[in-house]
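Subject: Structure handover

Hello,

Here is the structure for you to look at.

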Amino acid sequence: MTSLTTCADAEAAAKRAAGEIARRLQSARRERGAAHLALSGGSTPARAYELLARELEDWRDISVWFADERCVGPEDEESNYKLARDTLLGSAGGLEQSLVHRMEGELGPERGAERYANALREHAPLDRQGVAVLDVIVLGIGPDGHVASLFPGAPTLDVQAPELCLGVHDSPKPPPERITLTLPVLRAAQRCLLLATGAAKADAVDAMLAEPSRHVPASLLRRGRLSVILDDAASPEPPNERPRAD
Ligand code: 6PG
């Protein structure tokens, strides 16, 4: 069952997300001795990442992956890695840099995706089909319902296990060239945590919670392993029917 939580504003939603991510990483590490987190880019998660750096004081045995990346270098303003480094990785106490797995956007879609798939096979837990099983994947959602760099109606939505990572050449959201985890990896995760704030996301959230459709990639996520954290503005539910965090 998808857990859906509505918070008063973006700051409260970021705090709620940071708290849930920290709890899930700690319990995964307790159970399995290590934990695997994947991060998304975009503007929405930045504050949650800042809060997470403080929420989880000890980052030992935690591997950090990425849900997607733009095909730019790690110092580029568009880089999801740079966003994560500047808001979280640079201040995560005890984080081992060797456990931070950056998508090498500068290598281009194909080469970057191939190397990342190899890194997942080598360093991430795999299920019987050979799909990487990450503990928490943090996702945003586009106004068109895309998640990571999986866009509405795109052939990338059709790849099957054990495909782990793909190059994207024609992203409708700039920049056009990207690298993304596949839907099988998003669906195999112990938990996907989708954070959405602002009125521009309300229709996409509504479509995500409706019937699964290739036109709304977010609706193809595994609902039994999905946490959706919203602020009031992004919530499609009438105010008196919103499952509240506060
Ligand atoms: C990216 C993201 C992408 C993002 C959504 C929402 O690299 O662009 O990973 O999937 O999460 O586009 O972006 P905003 O948070 O900026 O609205």
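Below are notes on the ligand, its pocket and some backbone features.

This is a predicted model, in which local features need pLDDT of at least 70 and side-chain atom pairs count only at pLDDT 80 or more, while totals for chains, interfaces and linings use all residues. Residues are numbered from 1 along each chain as its sequence is written, and side-chain values use heavy atoms, with hydrogens and water left out.

The ligand

The ligand is surrounded by 15 residues, where a residue counts if one of its heavy atoms lies within 4 Å. The closest are T44, H146, A148, K173 and K201. By class, this shell holds two nonpolar, eight polar and five charged residues. Here Ala, Val, Leu, Ile, Met, Phe, Trp, Tyr, Cys and Pro count as nonpolar, Asp, Glu, Lys and Arg as charged, and the others, Gly among them, as polar.

A side-chain N or O atom of K173 is 2.7 Å from a ligand oxygen. For S43, a backbone N or O atom lies 2.8 Å from an oxygen of the ligand. With R178, a polar side-chain atom is 3.3 Å from a ligand oxygen. The ligand taken alone exposes 420 Å², and the protein buries 93% of that (Shrake-Rupley method, 1.4 Å probe).

The pocket

The ligand sits in the largest pocket, meaning that more than half of its atoms lie within 2 Å of the pocket's grid points. A pocket is an open set of points on a 1 Å grid over the protein atoms alone, with protein on both sides within 12 Å along at least five of seven lines; lining residues have an atom within 4 Å of a point. The largest pocket has 19 lining residues, and G41, G42, I141, H146 and K173 lie nearest its centre. Its lining divides into five nonpolar, nine polar and five charged residues.

The backbone

The peptide bond from A161 to P162 is cis, with omega near 5 degrees. Another cis bond runs from P174 to P175, with omega near 0 degrees. D61 is not a glycine, yet has a positive phi of about 65 degrees.

Regards

How values were computed: Polar contact = N/O pair within 3.5 Å; in protein donor to acceptor, adjacent residues only side chain to side chain. 1 Å grid on protein atoms, 1.4 Å probe; cavity = no way out; pocket = protein on both sides within 12 Å on 5 of 7 lines; lining within 4 Å.
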